[in-house]
Amino acid sequence: MNRFTAGLSLRARLYLFSGAILTLFAVNVSTHLWGSLARTESLVAYRDTVNAAQLTDDLQQSLEAARQQILVLSTLRETTEEPLDTSERDSALSELQDIDAKVRRLGTIGNEGTEDYYLRLKESTTLLLAVWQNFYRQYNDTDTALDVDSAVNFNDALQRLGELDQRQQFLAIQRSNAIDRTIALTDRITVIGFITTIAVTLVLVVILIRATNASLQRLKTGAQRFGSGDLTYRIKESLEAGEIRDLARTFNDMSGKLQTAIDDVQSAKADADAANDAKSMFLANVSHELRTPLNAIIGYSEMLQDEIGDPGEVDRAQFRHDLGTIIFSGRQLLSLINDILDLSKIETGKMQVGLEWFQPAALIFQVCDALSPLVNQYNNRFELVIDNDSMGEMNSDPSKLQQIVTNLFSNACKFTENGVITVAASMDDEWLTVSVTDTGIGMTADQQSRVFQAFVQAESSTGAKYGGTGLGLAIVKEFCTMLGGTIDLQSQPGVGSRFSVQLPVDPESTLANA
Amino acid sequence: MSAQHLSVLLVEDNALNRDMLSRRLDRAGFAVVLAEDGAQALEKMRDAKPDVVLLDMNLPIKDGWTVASEAKADAAIAAIPIIALTAHAMEADRQKALSAGCDDYATKPIDFPGLVAKIQGVLPS
């Protein structure tokens with residue numbers, strides 16, 4: 001039953017169970033009505049029986065009284081010959097008619113079972129009454145001998161009457177027994193039906209409650225699991241039907257959406273945490289990088305202050321050298337601060353692009369020339385390969401191109417020892433290509449994937465080993481994008497790196513054609 | 001013990017900082033021995049047996065933390081006090097240096113009188 005009702009909706013179950021209970025109830029009511037009908041029939045039969053018995057008694061008495069009267073009159077006629085007056089005769093005839101009417105009335109009571117008996121009685125009484133009527137009509141006609149000795153007829157009529165009475169009683173008993181059996185049967189059916197209705201109702205109610213309760217229990221379990229944070233749990237929709245299945249599906253959908261939302265929030269939080277960690281590390285690196293030139297600036301300044309108080313001649317050459325280191329360190333500090341400001345501007349969307357026509361070949365040459373001291377720092381060799389034939393003017397932001405080349409070049413110098421650094425530039429109608437190639441330490445694929453992110457160096461420890469805030473390449477990448485170009489990196493650990501920048505010669509025409 | 005009798009091993013890879021600090025220590029009366037990387041530092045500790053080591057942590061070949069822990073593991077030089085010099089200014093960096101075996105810690109930019117006081121402080125009395 002449970003398996004059967006499990007496929008039905010709650011509403012269907014309620015309708016089904018109400019229907020079943022109503023059907024049983026209707027059966028009960030009709031059985032009861034049948035019983036009532038039988039009782040009514042029984043009463044009618046009882047009344048008929050009583051009426052018939054009374055009528056039979058009455059008829060028997062009337063017949064006996066009439067015969068008594070006739071026997072008396074017959075004796076008087078023979079002895080006194082006194083005539084019967086008309087009123088007496090009419091009265092006697094009317095009594096005979098009454099008897100006839102009673103016989104007929106008896107005929108209206110009863111049914112097929114007594115018909116034969118009634119017809120025999122009727123035949124007999126008709127004959128008897130005809131003899132008696134004849135007696136009264138011819139009473140004063142003294143010549144006629146009257147047949148009054150109708151004992152045979154009379155006894156015959158009485159016997160027929162007795163037979164009819166018996167027959168009627170027999171039938172009444174038979175009918176009464178049948179009705180009693182019907183009443184007993186309907187009573188039994190009513191009681192059984194009543195008990196059955198109660199039992200079935202109870203069973204159906206229990207099934208309905210248990211099935212509904214089990215469904216609600218499963219929903220509750222699901223809701224509790226969701227509430228306790230287990231959003232991977234799913235309510236089994238296949239066990240439910242109708243509204244409860246809809247509800248279960250809604251619950252499951254809700255849980256799925258919550259899970260997605262929580263995943264989103266968690267991944268956003270992880271991103272935020274990662275960004276926060278990166279910024280903390282960046283601040284530590286910035287702090288480290290600021291302190292390194294500051295150490296030289298403060299240290300040399302204090303030392304000069306001490307030395308200027310010494311007695312005797314000042315070593316002017318030494319002084320000039322020391323002041324030079326202070327200036328160099330101060331400039332290093334400045335460029336670092338500029339990098340940080342640049343990135344901050346880029347991040348807040350305030351970095352402007354100022355397009356103008358200029359000669360990139362000249363600019364690249366100047367940058368490399370200015371940075372040539374870096375090449376010698378780790379005993380490197382420098383090669384500049386500019387395809388002068390192809391190089392013309394371009395419409396771009398020269399200060400940004402300058403910074404791109406500066407950052408790539410100083411990066412190459414920083415990570416290369418006893419190697420070669422090559423800067424190459426060429427141009428076609430649409431694109432300027434500048435590449436900076438080194439034979440330095442190179443990067444793994446994983447490092448390459450992260451190297452353009454702000455605040456990140458290829459490896460946390462390279463900041464310690466090689467210095468730098470990890471801003472240079474992030475700025476280069478951002479500038480390339482702002483100028484409508486791209487940057488490409490090819491690198492192999494221990495072999496070297498090649499950064500290749502492509503910038504549109506004229507953003508308006510190049511990018512329009514693209 | 002006066003500065004005149006003390007020898008200091010200064011380990012620093014940055015040429016400017018090495019030049020500056022060695023000259024100031026010299027002026028203050030210390031006998032200065034120089035090293036430019038971690039390997040040199042251990043070598044000079046064993047050879048020169050300085051009274052104190054001023055150790056930059058960001059060194060090529062062998063970094064300062066490795067130098068400190070290897071020095072403390074070598075019985076011949078374990079007793080030489082080491083002061084870490086670094087531009088890493090966070091508390092965690094100080095702890096990292098001390099747990100590597102350094103006896104004290106000074107942050108760049110160097111407060112020179114403070115550094116001299118720290119040198120006096122780490123010497124056995």
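## A charge over a ring

Over the ring of which residue does the charged end of B:Lys96 sit? That ring belongs to B:Trp65, and the charged end lies 4.0 Å from its centre. Keep in mind while you look around that this is a predicted model.

Chain A has a case to look at too. Here the charged end of A:Lys400 sits over the ring of A:Phe479, 5.2 Å from the ring centre. Both of these residues come back in the next part, where A:Lys400 is one of the contact residues in H10(A) and A:Phe479 is one of those in H13(A).

## Two helices inside chain A

Helix H13 of chain A covers residues 472–482, and its axis comes within 9 Å of that of H10(A), with the two crossing at roughly 145°. The crossing is left-handed.

From H10(A), the residues that take part are A:Lys400, A:Gln403, A:Ile404, A:Asn407, A:Leu408 and A:Asn411. Across from them, H13(A) brings A:Gly472, A:Leu473, A:Ile475, A:Val476, A:Phe479 and A:Cys480. Sorted by class, this contact has 7 nonpolar, 4 polar and 1 charged residues.

## Where the chains meet

Now follow helix H6 of chain A, residues 242–308, to helix H1 of chain B, residues 15–27. These two pack at an angle of about 35°, and their axes are 9 Å apart. H6(A) passes H1(B) in a left-handed crossing.

On the chain A side, the contact includes A:Thr292, A:Asn295, A:Tyr300, A:Met303 and A:Glu307. Among their partners in H1(B) are B:Leu16, B:Asp19, B:Met20, B:Arg23 and B:Arg27. By class, the contact of H6(A) with H1(B) has 5 nonpolar, 4 polar and 7 charged residues.

## Rings that pair up

Over all chains, the structure holds 6 aromatic pairs. In one of them, the ring centres of A:Phe382 and A:Phe409 are 5.1 Å apart and the planes stand at 85°, so this pair is edge-to-face. A:Phe382 belongs to strand E2 (residues 381–386) and A:Phe409 to helix H10 (residues 398–414), both of chain A, so the pair ties together parts that are 27 residues apart in sequence.

How open are these two rings' residues? A:Phe382 is partly exposed, with a relative accessible area of 27%, whereas A:Phe409 is buried at 0%. Elsewhere in chain A, you can find A:Phe135, A:Tyr136 and A:Tyr139 forming one aromatic cluster.

## A buried alanine in chain B

B:Ala41 is in helix H2 (residues 38–48) of chain B. Is this residue buried or exposed? Its relative accessible area is 0%, so B:Ala41 is buried. Leaving aside residues up to four places away in sequence, B:Ala41 touches B:Leu9, B:Val11, B:Ala35 and B:Val67.

Most residues other than glycine have a negative phi, and most peptide bonds are trans. A few places here go the other way. A:Asn418 has a positive phi of about 50°; this residue lies in the loop between H10 and strand E4 (420–427) of chain A. A:Asn418 is exposed, with a relative accessible area of 56%.

In chain B, B:Lys49 has a positive phi of about 45° and sits in the loop between H2 and strand E3 (52–56). At 44% relative accessibility, B:Lys49 is partly exposed. Finally, the peptide bond joining B:Lys108 and B:Pro109 is cis, with omega about 0°. B:Pro109 is in the loop between strand E5 (104–107) and helix H5 (112–122) of chain B.

Conventions. Residues are numbered from 1 along each chain as its sequence is written. Chains are lettered from A and ligands numbered from 1 in the order in which they are written. This is a predicted model: local features need pLDDT of at least 70, side-chain atom pairs count only at pLDDT 80 or more; totals for chains, interfaces and linings use all residues. Side-chain values use heavy atoms; hydrogens and water are left out. Axes are lines fitted to C-alpha atoms, for helices over the stretch in contact, and angles run from 0 to 180 degrees between N-to-C directions. Helices (H or I, at least four residues) and strands (E, at least two) are DSSP runs, numbered from the N terminus. A crossing is left-handed if the near helix is turned anticlockwise from the far one by less than a right angle, and right-handed if clockwise. Contact means heavy atoms within 4.5 Å. Ala, Val, Leu, Ile, Met, Phe, Trp, Tyr, Cys and Pro count as nonpolar, Asp, Glu, Lys and Arg as charged, and the others, Gly among them, as polar. Buried means under 20% relative accessible area, exposed over 50%, partly exposed in between (1.4 Å probe, protein chains only). Rings of Phe, Tyr and Trp (its six-membered ring) pair if their centres lie within 6.5 Å; planes under 30 degrees apart count as stacked, over 60 as edge-to-face and the rest as tilted. A charge sits over a ring if NZ of Lys or CZ of Arg is within 6 Å of the ring centre and within 35 degrees of the ring normal.
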